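Work through the exercises below with the structure open beside you, and try each task before reading its solution.

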Amino acid sequence: MNKPNLHNAEFLRSAVKESDFPQDPLPQIVFAGKSNVGKSSVINKLLNRKNFARVSAQPGKTIHINYFTIDKKMYLVDLPGYGYARVSKAEQQRWGALMETYFAMDLLTLGIQIVDIRHKPTRDDMTMAEWFRASGKPWVIIANKLDKIKKSQLEGNIAEIRQTLLLPEEVPVIPFSAEKGFGREEVLDLIFAHVCGKEEA
């Protein structure tokens, strides 16, 4: 199968319950990250679009899963941001229930978890990593904001991310800059390998 054309990207729907999730055989590439980690910016950079995934002025305010179709060959699934301090207990529970429902349905093809390369992953990052690990599906870590650290910090920060998230060896950590585009090709190659491979299988 040819690689999906990233220019043919359109918003499909916001899902708030099980019946909203597309359940056809198209691969689902799932993005997760803390509310302020730059998830929308990463998605926009991968698609080379300015404001495709909306960057919310109020992080953590909406609990739904956004679906985008890419060239009618795959779904890009944007999970709601987590770890926003001012979210109520009830909202946190709704987030947890929605995640549980999504992961239980076994729709995931490849998970992409975005963390901040400058800081040790948070407890919420660890919880999200646990969701991906438990799914048994391939997943990858994007360590965003690479442009904000010194080269000398890179190796140590990556090691800390691996250690804190208890990453299995096969889970890559890709240094990334949504600002500068560093790491973009590597992430796209991984996505295409899973999308094209799945269709042929």
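**Exercise 1.** Find how many bridges join β2 to β4, and in which sense the two strands run.

*Solution.* Strands here are DSSP runs of E with at least two residues, numbered from the N terminus, and two strands pair if DSSP finds at least two bridges between them. Strand β4 covers residues 74-78 and is joined to β2 by four bridges, the two running parallel. Within this pair, Val30 stands opposite Val77 of β4. Turning to β5, we find five bridges to β2, again with parallel strands, and here Ile29 stands opposite Leu110 in β5.

The model is a predicted one, in which local features need pLDDT of at least 70 and side-chain atom pairs count only at pLDDT 80 or more, while totals for chains, interfaces and linings use all residues. Residues are numbered from 1 along each chain as its sequence is written, and side-chain values use heavy atoms, with hydrogens and water left out.

**Exercise 2.** Decide which residues of β2 point one way and which the other.

*Solution.* In a regular strand, side chains alternate between the two faces of the sheet. Gln28, Val30 and Ala32 point one way, whereas Ile29, Phe31 and Gly33 point the other way. Six of the six residues of β2 are buried (under 20% relative accessible area, with exposed over 50% and partly exposed in between, using a 1.4 Å probe and protein chains only).
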